[in-house]
There are 2 protein chains.
Amino acid sequence: MNIPKNYQVLFLPGGATAQFAMVPINLLETNQNADYIDTGVWSQKAILEAKRYGTINVAATSEKKDGLTVIPPQDKWKLTSDAVYVHYTPNETIDGVEFKWIPDTGDIPKVVDMSSMILSRPMDVSQFGIIYAGAQKNMGQAGITVIIVREDLIKEVPSWVPTLYQYKIEADNHSFYNTPPTFSWYISGLVFAWLKRQGGLAKIYEINQRKAKKLYNYIDEHQGFYKNSIHPDCRSLTNIPFSLQKDKLTDTFLAESAKAGLTNLKGHRLAGGCRASLYNAMPEEGVDKLLEFMHDFARKHG
Amino acid sequence: MNIPKNYQVLFLPGGATAQFAMVPINLLETNQNADYIDTGVWSQKAILEAKRYGTINVAATSEKKDGLTVIPPQDKWKLTSDAVYVHYTPNETIDGVEFKWIPDTGDIPKVVDMSSMILSRPMDVSQFGIIYAGAQKNMGQAGITVIIVREDLIKEVPSWVPTLYQYKIEADNHSFYNTPPTFSWYISGLVFAWLKRQGGLAKIYEINQRKAKKLYNYIDEHQGFYKNSIHPDCRSLTNIPFSLQKDKLTDTFLAESAKAGLTNLKGHRLAGGCRASLYNAMPEEGVDKLLEFMHDFARKHG
């Protein structure tokens, strides 16, 4: 991932959710507004927090089409011409939807929560105004967040803003204004080196695509038993929610899969059902094992 | 360390310095004021940040007496009767001063930055309104902070306060409102268990007292060569700054001590000179080695 010269990379303590406040606090001046796209739980959390700091226009919301969740195409968005930025969540971990495209917002910078997408594939940083991402998906431990911010968006802020919520202070001090989460940062360094040894982002993307394709194909080919309710154009590469057509078998599925060593398959408590998260650290063999298990389970209970 | 029933313990991401803002934001309502005691660099940082959020009265400041730094006794403090809280820093890591006593503030709660003191000795939590402490001294990794807060101080805050800066939300959600810094928290748990195996806080305090006494005694007995400029009544148990009477020998001292495996003896860049930090993780043998080195160095260069 190339970082253009006019961007700064900050490594700040805490999780990505702090950015839900930091983004509007640092970008919105009095009476300014921003556009947000609502594609799921994480978008909604960002919107809720941003509303404390300015006028927030929800320009588009995920909808159902023939029973499948879709991210509305850009021609349906109601962007405002004077928005300071457009915020969206390229991948929703709970809802399982993903942008396969980058919106065109003209001169208005795009601000994105990339927590669950960063380093899963090559990415053109220059397309975005701010990219923020918690480390705990593809970059290491919970407790450190990366913010890649275009320098013209680093501004003076009003005096009520806590020091640690000011991009300018963090940028001027190269993320060392206060003791950074040193060990977490070190671990992220090891993960970056590991990624390079795997062949870099192009290679990881190939692997991630194979992993996701296998699982989606299996689910689609066994729709009598399993189901994923996301439109194929918007399916997440990383977080694949699925349900069993016989809903009451879900607990049995989770118990038996755990017994087989396949853990963390329970869907998020807000979504129910099952979910397989195929972050970089999940090897392809893990997906193969899951498919074997799903196949056996379907034969046994189908 | 017993936590009384009317206190909550929060484990929040990031460092203790976030509390410099969180304390006044959560405790001070409009037009309210607080008293702060200035005993050094960390007190001053807390004061500077608090001034964004209310009227801050500096009720006392460290001073020099016969060339030695002293914390002024309480009868010299100018506390205000309507202060919402009194903030002080029981141990100053850079200045090397420590409160050997707990101020009497009547019904006004004491708020303390215990980052460099917590778990160095037994402590009566009920004496304080809020105790906050970054983990990276005696509790584990940088990137997690413990806040022990008396429940009556957990209040509703104005809507401009970022969600993650609200004690109430963190307390209501038992520090799980967002993904906590899980690995750092786990490491702190291991440190707590290690402390118990050492014999608990009373035992650690004995060891810490022996460590500090050895070093102070040695310095005092070799004042022709080494010097500590803190009044004996206010000397830190943990952070012991010292200088060489021949100032130009400092770099040689630091270079030779590093060669002997004694590292991190350079004074903080704001203070200069040398500093030995005797946190719980520094074994008594480490102090013995340092004294041997200091003795050899003084003979060689004295």
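Reader: Let's start with B:S43. Is this serine buried or exposed?

Author: This is a predicted model, so keep that in mind throughout. The way to read burial is through relative accessible area, where under 20% counts as buried. B:S43 comes out at 0%, so it is buried. You'll find this serine in helix α2 of chain B, which covers residues 41-50.

Reader: What does the side chain of B:S43 make a polar contact with?

Author: With the side chain of B:E92, at 2.4 Å. If you skip the neighbours within four places in sequence, B:S43 is in contact with B:I37, B:D38, B:T89 and B:E92.

Reader: Over in chain A, which residues of helix α2 are buried?

Author: Here's the general idea for helices. An α-helix has 3.6 residues a turn, so residues three or four places apart point the same way. In α2 of chain A (residues 41-50), the buried ones are A:V41, A:S43, A:A46, A:I47, A:E49 and A:A50. Their cover includes α1, β2 (33-38), β3 (55-61) and β6 (83-88) of chain A.

Reader: And α1 of chain A itself, how many of its residues are buried?

Author: 10 of the 10, so α1(A) is largely enclosed by the rest of the structure. Among them are A:F20, A:M22, A:V23, A:I25 and A:L27, and also A:Q19 and A:N26.

Reader: Now the two chains. How many residues of chain A are in contact with chain B?

Author: 28 residues of chain A, and they meet 28 residues of chain B. Together the chains bury about 2,000 Å², with 52% of that on carbon and sulfur atoms. On the chain A side, the elements giving two or more residues are α1 (18-27) and α4 (182-198). Sorted by class, that side of chain A has 14 nonpolar, 12 polar and 2 charged residues.

Reader: How many salt bridges does the rule find across that interface?

Author: The count between chain A and chain B is 0. For polar contacts, though, there are 12 residue pairs, both partners being at pLDDT 80 or more.

Reader: Where should I look for salt bridges, then?

Author: The general idea first. Side chains of opposite charge can pair when their charged atoms come close. Over all chains the count comes to 26 salt bridges. Take A:R210 and A:E284, whose closest N and O atoms are 2.9 Å apart. A:R210 is in helix α5 (residues 200-221) and A:E284 in helix α7 (residues 284-301) of chain A, so this pair ties together parts 74 residues apart in sequence.

Reader: How accessible are those two, A:R210 and A:E284?

Author: A:R210 is partly exposed, with a relative accessible area of 39%. A:E284 has 15%, so this glutamate counts as buried.

Reader: What about chain B, which residue does B:K300 form a salt bridge with?

Author: B:E256, with 3.2 Å between the closest N and O atoms. B:K300 sits in helix α7 (residues 284-301) and B:E256 in helix α6 (residues 250-259) of chain B, so parts 44 residues apart in sequence are tied together. At 59% relative accessibility, B:K300 counts as exposed. Back in chain A, salt bridges with shared partners join A:R210, A:K214, A:E284 and A:D288 into one network. Another chain B example is B:R150 with B:D152, at 2.7 Å from N to O. There, B:D152 is partly exposed at 47%.

Reader: Last topic: aromatic rings. How do I describe a pair?

Author: You describe a pair of aromatic rings by the distance of the centres and the angle of the planes. The count here is 41 aromatic pairs over all chains. For A:F225 and A:Y226, the centres are 4.8 Å apart and the planes at 75°, so the pair is edge-to-face. A:F225 is buried at 9% relative accessible area, and A:Y226 is buried at 0%.

Reader: Which other ring does A:Y226 form an edge-to-face pair with?

Author: A:F253, at 6.0 Å centre to centre and 70° between the planes. A:Y226 lies in strand β10 (residues 226-227) and A:F253 in helix α6 (residues 250-259) of chain A, so the pair links parts 27 residues apart in sequence. A:F253 is also buried, with a relative accessible area of 0%.

Definitions and conventions: Residues numbered from 1 in each chain as written. Chains lettered and ligands numbered in written order. Heavy atoms only, no water. Contact = heavy atoms within 4.5 Å. Buried area = accessible area lost by both parts, 1.4 Å probe. Salt bridge = Lys/Arg side-chain N within 4 Å of Asp/Glu carboxyl O. Polar contact = N/O pair within 3.5 Å; in protein donor to acceptor, adjacent residues only side chain to side chain. Helix = DSSP H or I, 4+ residues; strand = E, 2+ residues; numbered from the N terminus. Nonpolar A, V, L, I, M, F, W, Y, C, P; charged D, E, K, R; others polar. Buried < 20%, exposed > 50% of the residue type's maximum accessible area, 1.4 Å probe, protein only. Phe/Tyr/Trp six-rings, centres within 6.5 Å; stacked < 30°, edge-to-face > 60°.
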